[in-house]
There are 2 protein chains.
Amino acid sequence: MSTTVITKIEAQDRRFALHGGDGSDSVHTSGEYAFAVTKLHTAGGLTGWGITLTLGNGNRVVCDLIEQLAGSLAGCEIEELMAGFGAVSKRLADDPALRWLGPHKGAVHLALSSIANACFDLWAKSRGVPLWRLLLDLTPAQVVALLDLSYVEDELSAGEALEILQAAQAGRALREGVLDTGYPGYDTSVGWFQYEDERVRENAREALAAGFRAFKLKVGSRDGARDVRRAAMLREIAGPACRIMFDANQQWTLSEAERMCRALAEFDPFWVEEPTHPDDVEAHRKLALSVAPVKLALGEHVPNRVIFKNYMQAGAVHFVQADCTRLAGVAEFLTVSLMARKFGLPVLPHVGDMGQIHQHLVLFNHIAMGHEAVFLEHIPHLREYLVHPASIEGGVYRTPQEAGLSCDLKEA
Amino acid sequence: MSTTVITKIEAQDRRFALHGGDGSDSVHTSGEYAFAVTKLHTAGGLTGWGITLTLGNGNRVVCDLIEQLAGSLAGCEIEELMAGFGAVSKRLADDPALRWLGPHKGAVHLALSSIANACFDLWAKSRGVPLWRLLLDLTPAQVVALLDLSYVEDELSAGEALEILQAAQAGRALREGVLDTGYPGYDTSVGWFQYEDERVRENAREALAAGFRAFKLKVGSRDGARDVRRAAMLREIAGPACRIMFDANQQWTLSEAERMCRALAEFDPFWVEEPTHPDDVEAHRKLALSVAPVKLALGEHVPNRVIFKNYMQAGAVHFVQADCTRLAGVAEFLTVSLMARKFGLPVLPHVGDMGQIHQHLVLFNHIAMGHEAVFLEHIPHLREYLVHPASIEGGVYRTPQEAGLSCDLKEA
């Protein structure tokens with residue numbers, strides 16, 4: 001048997017307590033992060049790791065679904081599997097029974113995310129290269145074969161996807177410079193919702209001193225005055241040259257969002273994030289029009305390429321925060337990134353993976369699709385549990401060199 | 001302790017094999033129906049039953065989530081709980097950790113559906129009345145207190161909901177006549193996807209003889225010619241006076257849907273159902289424009305009021321197939337029905353409950369909201385497992401008289 005045949009599939013429910021308000025926002029208060037982990041073992045002793053994020057409770061359900069969905073990968077050779085991964089992904093997404101629980105959203109899709117990421121990790125490890133290298137070495141046609149473009153053909157056919165990748169060959173060598181300079185980060189952990197004002201101030205000063213030039217503040221307090229006060233405070237510390245972003249985590253109704261976006265506009269936010277319900281494309285479309293020039297960012301709760309397509313078609317999103325641990329892994333992330341490129345929208349991932357996988361993906365998006373290298377979210381709270389935590393120096397992600405997707409966890 | 005205090009909460013994974021192509025469509029081929037059941041037991045010996053439908057695999061995951069979500073109902077007195085059920089529903093839907101797996105969609109929302117239905121069943125049983133009677137006896141304000149209107153306030157405020165119910169008081173006595181005449185049914189089971197042509201013909205003739213005047217055919221074959229042939233066949237048997245509907249179960253891309261809707265238009269369908277992906281509001285909006293006067297029906301995979309709102313705002317749906325076992329139970333079904341009333345759209349439920357709960361809800365929608373009594377889907381395959389299977393005579397649902405939601409199952 002080939003050493004790269006999948007012989008055993010394992011799901012692991014890994015949970016991590018958060019402390020002192022870390023990770024808190026106006027809506028999510030569990031005090032816990034968790035990864036539903038997929039591990040694909042091969043006869044040759046390789047292990048492909050895949051992850052998706054949850055907030056603790058519910059993680060075992062995703063693990064249960066990983067076991068149900070991934071079974072059919074046993075016996076597959078990884079190069080053969082990945083050569084036509086688009087069809088594999090579609091087959092798993094359209095499981096005749098589990099599809100009913102979505103389709104293409106919710107716990108089942110999170111399970112698929114974890115599984116798909118594990119496939120890519122195993123693939124990259126079997127070739128002994130980091131994910132960004134693996135992807136850059138593929139031809140445009142090979143990249144397109146990774147994608148399930150069903151239900152987005154009206155905006156992104158296989159031919160259009162190919163054209164985007166081919167057109168971006170121009171200037172690619174120049175953009176590869178980012179591999180040496182590193183990819184800029186921004187710091188989300190200065191302003192979690194439950195942090196007291198003084199702590200936010202200290203964190204922002206430290207992040208600034210460490211080299212970060214962009215910071216996020218959680219808003220969405222019942223009393224909007226707290227948001228305004230803290231926004232003023234953060235802008236004062238950041239100064240006019242740094243970027244600051246406000247994140248409401250879906251807390252507002254449409255009319256509250258209109259009021260708060262206007263109130264926060266004076267602090268010149270780079271964006272306002274998740275102002276209202278993530279399913280409500282029409283509310284975001286109206287909001288984008290009514291609070292212009294304030295820009296909207298969203299995506300951490302957009303589960304699939306179809307809804308992203310609707311957001312882009314409606315002009316309801318300015319910053320596409322696709323997350324490869326919410327979407328069906330690396331491949332659906334690439335699909336959304338290609339669509340965003342067509343619509344002229346930047347992709348700035350939400351990092352349900354704490355930036356581990358996304359540090360690879362933004363390099364590929366920049367070099368191979370021509371996406372602008374704006375910055376990548378940075379959240380440090382799970383560093384101690386990772387085998388290869390992302391290396392941030394001077395506010396910049398250093399290019400990862402280890403083989404795979406950099407999401408291996410230390411054993412519990 | 002009051003006899004109507006919830007003392008024990010139980011989830012049951014109940015599965016039912018289907019035979020000979022029953023229940024098959026172009027996408028869902030599991031050959032199994034399943035209910036994730038919630039049972040709320042009281043000190044007084046009452047049991048509230050709630051159900052949501054799955055297709056087998058995945059049902060245990062929903063049961064797991066029912067157990068996690070419903071725990072907080074222990075110790076609640078049912079009248080107190082239901083007096084402000086809108087807030088209860090919102091609290092459960094916004095569970096600080098489980099919300100991450102949606103929000104408000106997927107397996108978690110199915111669990112909430114089952115739980116909410118069990119609450120209503122227990123409430124109706126504790127009052128000794130069928131659900132339709134319970135709801136009709138509430139004041140408009142009491143109905144509105146059942147609803148979680150968060151994220152739809154921009155189209156349906158509590159005040160607007162109240163006004164719709166108050167305005168519909170006019171003519172209510174007249175519309176109560178439906179309680180005596182019964183509510184018309186339509187027959188979905190004549191034309192399941194895997195049935196051979198001859199079987200469809202026989203079924204349609206039998207259904208016609210039994211009194212049905214509306215029939216559904218599953219379409220979405222890879223070879224569209226099969227769909228067209230069978231559509232012609234069904235129209236011939238049904239004659240020009242009966243209604244026939246075609247259901248593609250999400251099989252088509254937008255361009256395929258355009259082509260097939262045009263091809264099927266000559267058979268004068270009352271609607272074409274689920275032509276493409278249920279998340280793709282924009283595709284349905286374009287389709288509705290391009291294939292007019294063909295009408296679109298959808299909703300069985302629309303998980304919440306927010307997405308229904310977007311469909312209605314976009315003019316992307318003509319027949320609202322809300323399902324109280326996909327939405328968060330009876331209450332979110334009523335929210336969607338009120339929105340549909342505002343938009344002037346008929347509600348013709350998809351019956352994930354085999355029509356058991358919906359036979360109550362369409363009576364309420366007609367009498368108390370003024371919705372037209374068009375017809376209710378009928379699917380007979382689980383009759384033998386139900387304690388009070390719906391009574392259909394002459395193609396008409398007879399008004400149920402048993403207390404509760406009529407979804408008690410015989411013990412396995």
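Guide: First, a rule for reading the sheets here: two strands pair if DSSP finds at least two bridges between them. The elements themselves are DSSP runs numbered from the N terminus, where a helix is H or I over at least four residues and a strand is E over at least two. This is a predicted model, in which local features need pLDDT of at least 70 and side-chain atom pairs count only at pLDDT 80 or more, while totals for chains, interfaces and linings use all residues. Residues are numbered from 1 along each chain as its sequence is written, and chains are lettered from A and ligands numbered from 1 in the order in which they are written.

Visitor: What joins strand 4 of chain A to strand 5 of chain A, and how do they run?

Guide: Strand 4 (residues 183-191) and strand 5 are joined by 2 bridges and run parallel. The rule asks for at least two, so they pair. A:Asp187 has A:Phe215 of strand 5 as its bridge partner.

Visitor: Which other strand does strand 5 of chain A pair with, and over how many bridges?

Guide: That's strand 6 (residues 243-247) of chain A, with 5 bridges in the parallel sense. A:Phe215 turns up again here, opposite A:Ile244.

Visitor: What makes the β-α-β unit of strand 5, helix 11 and strand 6 of chain A right-handed?

Guide: Point the strands away from you: a crossover is right-handed if the path from the first strand over the helix to the second runs clockwise. Helix 11 (residues 224-238) sits in such a unit, with strand 5 and strand 6 of chain A. Strand 4, helix 10 (residues 197-210) and strand 5 of chain A make a right-handed unit as well.

Visitor: Why is strand 5 of chain A called largely enclosed?

Guide: A residue is buried if 20 or more other C-beta atoms (placed from the backbone) lie within 10 Å of its own, exposed if 12 or fewer, and partly exposed in between. In strand 5 (residues 214-218) of chain A, 5 of the 5 residues are buried, so the rest of the structure largely encloses it. In a regular strand, side chains alternate between the two faces of the sheet. Here A:Ala214, A:Lys216 and A:Lys218 are buried on one side, and A:Phe215 and A:Leu217 on the other.

Visitor: What is A:Phe215 in contact with, beyond its neighbours within four places in sequence?

Guide: Contact means that the C-beta atoms of two residues, placed from the backbone, lie within 7 Å. On that basis A:Phe215 touches, among others, A:Tyr186, A:Val190, A:Ala204, A:Leu234 and A:Cys242. It also belongs to the largest nonpolar core, which has 286 residues. Such a core is a set of buried Ala, Val, Leu, Ile, Met, Phe, Trp, Tyr and Cys residues joined through C-beta atoms within 7 Å. A:Phe215 and B:Phe215 are among the members that touch the most others.

Visitor: Why does A:His104 count as buried?

Guide: It has 26 C-beta neighbours inside 10 Å, and the cut-off is 20, so it is buried. A:His104 lies in the loop between helix 3 (85-93) and helix 4 of chain A, and has a positive phi of about 65 degrees without being a glycine. A:Tyr151 also counts as buried, because it has 23 such neighbours. Its phi is positive too, about 75 degrees, and it isn't a glycine either.
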